[in-house]
Amino acid sequence: MVLEQDAIAGLQKLDERFDACFIDLLNVFPSEDVTRHAVELCLERLEGGALLMADNALRQGEVVKPSNQQAKNVASYNEFVARHPRLESVVIPIRDGLSVARVKD
Ligand SMILES: C[S@@+](CC[C@H](N)C(=O)[O-])C[C@H]1O[C@@H](n2cnc3c(N)ncnc32)[C@H](O)[C@@H]1O
């Protein structure tokens with residue numbers, strides 16, 4: 001099934017549960033709040049053992065000292081995922097960084 005629509009609006013309409021969620025939008029969310037909302041919508045649809053992943057987790061190193069909105073969004077995503085009690089996570093330094101988090105059982 002392929003749904004072509006705004007990610008936030010689309011997620012809100014999905015009642016299904018998933019084994020994995022891949023966020024390829026860290027570079028384009030308008031704010032940290034929208035980024036957080038997207039993560040929470042994903043988490044609500046993931047059971048224990050599922051994976052939450054996101055590309056561009058390093059933003060070419062900008063996350064170390066975020067000075068623009070997109071870098072702030074990504075830094076905020078990384079912080080949220082690292083601190084979330086339901087998740088154990090790592091950022092794999094492939095290309096622009098791949099964040100992989102496993103939902104605890
Ligand atoms: C930013 S690109 C991913 C880049 C990729 N991670 C890389 O490093 O090459 C993500 C795509 O999502 C689309 N997109 C942007 N905002 C969106 C939204 N709110 N919902 C769904 N797709 C969106 C953009 O058009 C773009 O083609």
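Trainee: Which residue has a polar backbone atom 2.9 Å from a nitrogen atom of the ligand?

Mentor: Keep in mind that this is a predicted model. For the backbone atom at 2.9 Å, the residue is Ala-7.

Trainee: And how much of the ligand's accessible area does the protein cover?

Mentor: On its own, the ligand has 600 Å² of accessible area. Of that, the protein covers 52%.

Trainee: How many charged residues are in the shell around the ligand?

Mentor: Go through the names: the residues around the ligand include Asp-6, Asp-24, Asp-55 and Arg-95, with Leu-25 and Val-28 also among them. By class, the shell has three nonpolar and two polar residues, and the charged count is four.

Trainee: Now the helices. At what angle do α2 and α3 pack?

Mentor: Helix α2 spans residues 32–43 and helix α3 residues 69–83. Their axes are 9 Å apart, and the angle is about 35°.

Trainee: Is that crossing left-handed or right-handed?

Mentor: The contact involves residues such as Val-39 and Leu-43 of α2, and Tyr-77 and Phe-80 of α3. As for the hand, the crossing of α2 and α3 is right-handed.

Methods:
Residues are numbered from 1 along each chain as its sequence is written. This is a predicted model: local features need pLDDT of at least 70, side-chain atom pairs count only at pLDDT 80 or more; totals for chains, interfaces and linings use all residues. Side-chain values use heavy atoms; hydrogens and water are left out. A residue is near a molecule or strand if one of its heavy atoms lies within 4 Å of it. A polar contact is a pair of N or O atoms within 3.5 Å; within protein, one must be able to donate a hydrogen and the other to accept it, and residues adjacent in sequence count only if both atoms are side-chain atoms. Accessible areas come from the Shrake-Rupley method with a 1.4 Å probe; for residues, only the protein chains shown count as cover. Ala, Val, Leu, Ile, Met, Phe, Trp, Tyr, Cys and Pro count as nonpolar, Asp, Glu, Lys and Arg as charged, and the others, Gly among them, as polar. Axes are lines fitted to C-alpha atoms, for helices over the stretch in contact, and angles run from 0 to 180 degrees between N-to-C directions. Helices (H or I, at least four residues) and strands (E, at least two) are DSSP runs, numbered from the N terminus. A crossing is left-handed if the near helix is turned anticlockwise from the far one by less than a right angle, and right-handed if clockwise. Contact means heavy atoms within 4.5 Å.
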